[in-house]
Amino acid sequence: MEAIPYLALVSALAALGLAGFFFNSVKAASPGNERMVFLMTEIQKGARAFLKQEYTWVSGFAVVMAVVVAIMIAVPAAIAYLLGAALSAGAGYVGMTVATMANARTTEAAKDGPGKALPIAFRGGAVMGFSVAGLALLGLMIVYVVFVLMLESEKAFEIVTAYGLGASTIALFSRVGGGIYTKAADVGADLVGKVEAGIPEDDPRNPATIADNVGDNVGDVAGMGADLFESYAGSIIAPISLVAFALAVSAEEATAETNISLLMFPVAIAFVGMIASIIGSFLIKGGESTDSKALSKALHLGTNVAMALTIVATLGVAFWMFGDNSDFENPIGLAVAVIGGLIVGWALGKTAEYYTSDHYGPVKKIAQQTETGPATTILGGISAGMISVAASVALILVGIGVAFWGGELAFDSIGALDGGIYGIAVAAIGMLATTGVVVSVDAYGPIADNAGGIAEMAELDPSVREVTDALDSLGNTTAAVAKGFAVGSAALTALALFKSFEFAVLDASGGETALNLNVGSVEVFAGLFIGAALPFLFAALTIDAVGRAAQEMIEEVRRQFREIPGLREGKEGVIPDSARCVAISTTASLKEMVIPGALAVIVPLVVGFISVDMLGGLLAGSLVTGFALAIFMANAGGAWDNAKKYIEAGAHGGKGSDQHKAAVVGDTVGDPFKDTSGPAMNILLKVMTIVSLVFASAFV
């Protein structure tokens with residue numbers, strides 16, 4: 001078992017090697033004609049410029065946080081924090097780089113049909129997927145090996161947790177900043193272009209089109225990559241920290257073999273999940289049909305195979321690690337907990353697919369409601385999103401129940417560590433064990449979206465756009481599926497980290513201060529209300545930020561159509577000032593991301609120094625409302641988007657009809673829901689919990 005961290009480290013390097021292989025495979029493909037290369041280069045320049053400025057801003061915040069961590073916890077914790085932040089930013093940058101390279105190549109391949117285009121888009125996404133999983137696991141294992149095994153640091157597990165805090169910091173700002181950027185451009189481009197000017201999406205006459213395509217990469221690729229990096233690292237850290245802090249306050253000593261088994265089991269699951277993801281990634285090939293069901297089957301084959309392999313391997317790992325240890329009554333219980341998490345994560349994704357795919361009733365119902373205008377369209381999307389919360393909560397409860405039962409089946413308690421709570425903690429890594437291939441399928445979506453934009457702007461044959469639209473429509477659903485995994489794991493990870501926080505408070509006080517979560521306590525009750533309000537405040541700030549940035553974008557697009565002669569009419573040689581729109585999105589998003597991002601770190605710190613009981617209530621309140629809001633916004637936004645695409649494919653009057661205009665309004669309302677506020681919510685929950693855990697000793 002001592003070899004497990006090193007095996008995990010090797011699997012991380014293998015994932016990075018695969019990312020390099022796919023990078024070269026994408027690079028070898030043709031990017032198309034001169035116009036396509038020009039558009040690709042413009043998108044690349046805009047994305048790089050934004051990320052450079054964003055990382056410059058965020059690095060200042062990270063340095064301040066590192067100093068605080070060094071003073072309040074330990075200097076090694078600050079080093080781990082900076083490593084987590086740097087690798088998270090690096091994964092996002094790598095993903096953005098290949099995505100902006102794969103877009104034109106996917107467009108060029110689409111000339112020969114989906115069989116050629118889908119593999120290129122997927123491989124572009126796979127560079128992101130395996131960079132995220134590989135770098136997250138590599139960094140975590142380096143921290144664990146150096147500070148836990150080699151140096152045996154006094155605050156070893158606070159140091160490991162600080163790595164997760166570093167990843168969370170970058171993820172939060174990347175998701176919020178990138179989300180504001182992409183949706184400001186998207187809303188501006190759609191409302192003025194499609195609704196007011198009556199021109200197609202991604203029309204070269206629209207000044208906001210380049211900014212919109214840049215936004216796909218900085219928000220849906222770099223931001224999403226940092227998000228899943230943090231989720232994956234956090235899902236491994238949560239059970240490790242739970243074991244470490246629980247055993248630290250235990251009166252009775254567990255055997256060394258038991259300790260190592262409990263600490264290494266989540267790492268072993270990450271190892272087998274990584275290998276399974278690598279195998280699954282080679283099974284994704286495109287067919288010749290543009291039917292979305294056929295494309296979906298091809299794209300999900302790799303994910304399904306990776307999941308099946310992980311399930312089989314988990315059973316073997318559980319028996320190998322716990323079978324001969326008398327402290328564990330039934331090793332299959334922990335395998336059940338992990339597999340339950342994996343299946344519930346998949347089911348959450350399928351629930352998201354049901355509510356956001358145009359194959360099913362909810363999206364078709366929203367499309368039908370466009371017949372009576374934008375108001376009923378918006379009501380339909382809100383209703384679909386809210387209903388999806390009930391289904392998702394039911395699934396999470398099933399997952400928690402199965403995981404708790406599995407953990408209890410394996411062992412009742414070891415010291416202060418409850419078997420059921422440990423089962424819930426390892427269920428989270430079960431959900432994200434196949435992160436490599438899940439993120440690959442998610443990152444494929446923005447590449448396909450960009451490919452469609454380039455096809456339109458380069459004025460290629462309409463048949464090319466038909467292929468890219470089929471790929472893009474599927475991309476909306478795959479994104480919703482990945483968000484289901486991420487939000488589900490956030491709930492379970494936050495619960496495990498919350499329990500770790502409880503143990504950390506007890507340990508830091510020498511057993512004198514136990515966390516009180518009695519709702520009858522005024523401090524806890526006040527904390528619950530503060531926590532319940534925070535996700536709403538966070539969502540309001542981010543949606544308002546998109547609204548303000550979009551207003552500026554709309555005015556600029558209107559100005560250019562009004563003041564540049566021949567632009568709206570498409571006169572030859574007249575081109576829009578795209579750089580101005582890129583600058584508007586960049587400036588607005590960087591300015592607007594600061595307050596929501598800082599909120600997640602500052603509020604738990606302030607409340608924690610006032611009262612740890614109030615902080616406990618805050619974490620509980622925010623977890624419940626934050627989970628519900630994240631699901632609601634992600635699925636409502638996805639449903640509006642695909643209702644619009646369903647109409648654009650010819651239903652209910654098709655493009656240019658009044659129904660289409662109503663659907664565009666619904667889509668623009670949903671844009672910040674599904675790509676800004678919703679996805680950032682799960683990071684908000686984990687940032688607050690992990691900040692509380694890292695600074696627990698300072699609070700008491």
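Modeller: Start with glutamate 556, then. Glutamate 556 is buried, because its relative accessible area is 8%, and buried means under 20%. Keep in mind that this is a predicted model.

Biologist: Which residue forms a salt bridge with glutamate 556 at 3.9 Å?

Modeller: Arginine 580 does, with 3.9 Å between the closest N and O atoms. Arginine 580 is in helix H16 (residues 578-592) and glutamate 556 is in helix H15, so this pair ties together parts that lie 24 residues apart in sequence.

Biologist: Is arginine 580 buried or partly exposed?

Modeller: Arginine 580 counts as partly exposed, at 37% relative accessibility.

Biologist: And which side chain meets glutamate 556 at 2.7 Å?

Modeller: That is arginine 559, in a salt bridge of 2.7 Å, N to O. Arginine 559 and glutamate 556 are three residues apart in helix H15 (residues 522-563), so about one helical turn separates them. Arginine 559 is partly exposed, with a relative accessible area of 26%.

Biologist: How many salt bridges does the structure hold?

Modeller: The structure holds 22 salt bridges. Another one of them joins the side chains of lysine 644 and aspartate 667, at 2.9 Å from N to O. Lysine 644 belongs to helix H18 (residues 612-648) and aspartate 667 to helix H19 (residues 658-694), so parts 23 residues apart in sequence are tied together.

Biologist: Are lysine 644 and aspartate 667 buried or exposed?

Modeller: Lysine 644 counts as buried at 2% relative accessibility, and aspartate 667 counts as buried at 1%. Salt bridges with shared partners also join Lys644 and Asp667 into one network with Lys183, Asp641, Lys645, Asp671, Lys674 and Asp675.

Biologist: Now glutamate 158. What is the nearest side chain of opposite charge?

Modeller: Lysine 155, which is 5.6 Å away.

Biologist: Where does glutamate 158 sit, and what does it touch?

Modeller: Glutamate 158 is in helix H5 (residues 156-197). Leaving aside residues up to four places away in sequence, glutamate 158 touches Ile73 and Phe245.

Biologist: Changing topic: which residues make the nonpolar surface patch?

Modeller: Val63, Val67, Ile71, Met72 and Phe609 make a patch of about 470 Å². Helix H2 (residues 34-72) gives the most to this patch, with four residues.

Biologist: How accessible is valine 63?

Modeller: Valine 63, which lies in helix H2, has 48% relative accessibility and so counts as partly exposed.

Technical notes:
Residues numbered from 1 in each chain as written. Predicted model: local features only at pLDDT ≥ 70, side-chain atom pairs only at ≥ 80, totals over all residues. Heavy atoms only, no water. Helix = DSSP H or I, 4+ residues; strand = E, 2+ residues; numbered from the N terminus. Buried < 20%, exposed > 50% of the residue type's maximum accessible area, 1.4 Å probe, protein only. Lys, Arg positive; Asp, Glu negative; His and termini not counted. Salt bridge = Lys/Arg side-chain N within 4 Å of Asp/Glu carboxyl O. Contact = heavy atoms within 4.5 Å. Patch = residues over 30% accessible without salt bridge, like charges linked within 9 Å, V, L, I, M, F, W, Y side chains within 5 Å. Areas by Shrake-Rupley, 256 points an atom, 1.4 Å probe, with all protein chains shown as cover.
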